[in-house]
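Thanks for coming. I will show one structure and then go through a few points on it.

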Amino acid sequence: MPSPRPPKPAASPLRRTPAPELKARARRISTRLRRHYPDAGTALHFDGPFQLLIATILSAQCTDEAVNRVTPELFQRYRDPAAFAAADAAEIEKLIHSTGFFRQKTRSIQNCSRALLERHGGRVPEAMEELTALPGVGRKTANLVRACAMGHPGLIVDTHFKRVIGRLGLTAETDPDRIEFAVAELLPPSHWTHFSNALIWHGRRICTARKPRCPECPVCPDCDFGRPHCTGRLTMKG
Ligand code: SF4
């Protein structure tokens, strides 16, 4: 009997091979960002994958700083999925009230905690498919947890990533999942996590939504939007 064929790798849903120049530009941008933000990581405070998962659910529609203000007491009161699942919802709502959408977030946290208990014995799974099957967990959250708490390569497409990648002109995609797949074609996995975190910091500090500060931007020569505003102190080389 013939041995079964190995499964085919999952094809990119975009089905396009990026031009070599685009790949080279993405590499240069990634290298420059690494130089500019050598220690870039998530701004959320956490200890372990479960805390990062909860912190990320809380970060929807609010700043990481606002989340960091509520999580110390929250995680002291509820230490694991069992504690969150059994908690009085009103107590959680009170603790996370300042992060906004507190009822919806409490529901998501408790549903997610219950699913972790029922399906994974209270542990956060590592597989992308298992993470995204949890209530309230999309690819951004799953990538963030896998990348920043588990050490897997991941592209974290949040609102800053989405805005900056569009201005850079590295992809014309606008859907976050499609942006992730497009950028995955441009950079090797070893770049993904740092590139994401650095791009997010860059979006907060320099390439802000209101007014990008292109003349002082380290990736200006490689940016479609910013190139006309470069000062000339930067060159296209590395
Ligand atoms: S050059 Fe301007 S638009 Fe481009 S990434 Fe830098 S700040 Fe953003």
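Let me start with the ligand. The shell around the ligand has eleven nonpolar residues, one polar and two charged. Here Ala, Val, Leu, Ile, Met, Phe, Trp, Tyr, Cys and Pro count as nonpolar, Asp, Glu, Lys and Arg as charged, and the others, Gly among them, as polar. In total 14 residues surround the ligand, and the closest are Cys-207, Cys-214, Cys-217, Cys-223 and Gly-226.

Some housekeeping. This is a predicted model, where local features need pLDDT of at least 70, side-chain atom pairs count only at pLDDT 80 or more, and totals for chains, interfaces and linings use all residues. Residues are numbered from 1 along each chain as its sequence is written.

Now the fold. The chain has eleven helices and zero strands; these are DSSP runs numbered from the N terminus, with helices being H or I of at least four residues and strands E of at least two. Of the 238 residues in the chain, 37% are buried, meaning 20 or more other C-beta atoms within 10 Å of the residue's own, with C-beta atoms placed from the backbone.

Next, helix 11, residues 189–205. Because 13 of its 17 residues are buried, helix 11 is largely enclosed by the rest of the structure.

Last, Ser-113, which lies in helix 6, residues 102–120. Is Ser-113 buried or exposed? Ser-113 counts as buried, because it has 25 C-beta neighbours inside 10 Å. Leu-134 is 21 residues from Ser-113 in sequence and 9.0 Å from it in space, C-alpha to C-alpha.

Key: Expected span 1.5 Å × (residues − 1). Buried ≥ 20, exposed ≤ 12 C-beta atoms within 10 Å, placed from the backbone. Near = placed C-beta within 6 Å.
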